[in-house]
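I opened my notebook to record what I looked up in this structure. The entries follow in the order I made them.

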Amino acid sequence: MAALMLYHNPRCSKSREALALLEARGVDFQIRRYLDEPLDQEELRALASRLDAPCESLVRTNEAEWKALQVTEPDEATCLGAIAEYPRLLQRPILDRGDRAVIGRPPEAILTLLDSE
């Protein structure tokens, strides 16, 4: 299996649940606390390309920073630029296998990466 990376915010209950799921299964993975070590535009673009979802799904649209941008028709550049500027807009948790990534909403969704090699 390719190396797994969990994009994690320890203050988020869903992110903590995903972490617990991986640990309970004895999965070997790395953690990136994206608020402490934000992703740059290139990393965000690569991550978005590995999702089986539109780029807009990476954005936490209920956050004040997103609402302040008053985006009516989000495109990739707008979404990734906003996340790069305001890392807390990144949806969480995300499990990334290097060839495919999944947003853990619900947290059990991350298990699909473990089951689909």
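Buried means under 20% relative accessible area. I keep in mind that the model is predicted.

**Entry: His-8**

I looked up His-8 and found it in strand 1, which covers residues 4-8. Is His-8 buried or exposed? I noted a relative accessible area of 3%, so His-8 is buried, given the cut-off of under 20%. I then listed what His-8 is in contact with, leaving aside its neighbours within four places in sequence. The list is Ser-15, Arg-16, Leu-19, Ile-31, Arg-32, Arg-33 and Tyr-34. With Ser-15 I also found a polar contact, from side chain to side chain, at 2.6 Å.

**Entry: cysteines**

A disulfide is a covalent bond between the sulfur atoms of two cysteines. How many disulfides does the structure hold? I counted zero. I wanted to know why, so I checked Cys-12 and found its sulfur 19 Å from the closest cysteine sulfur, in Cys-79, which is too far for a bond. Cys-79 has its closest cysteine sulfur in Cys-55, at 4.9 Å.

How values were computed. Residues are numbered from 1 along each chain as its sequence is written. This is a predicted model: local features need pLDDT of at least 70, side-chain atom pairs count only at pLDDT 80 or more; totals for chains, interfaces and linings use all residues. Side-chain values use heavy atoms; hydrogens and water are left out. A disulfide is a pair of cysteine sulfur atoms within 2.5 Å. Helices (H or I, at least four residues) and strands (E, at least two) are DSSP runs, numbered from the N terminus. Buried means under 20% relative accessible area, exposed over 50%, partly exposed in between (1.4 Å probe, protein chains only). A polar contact is a pair of N or O atoms within 3.5 Å; within protein, one must be able to donate a hydrogen and the other to accept it, and residues adjacent in sequence count only if both atoms are side-chain atoms. Contact means heavy atoms within 4.5 Å.
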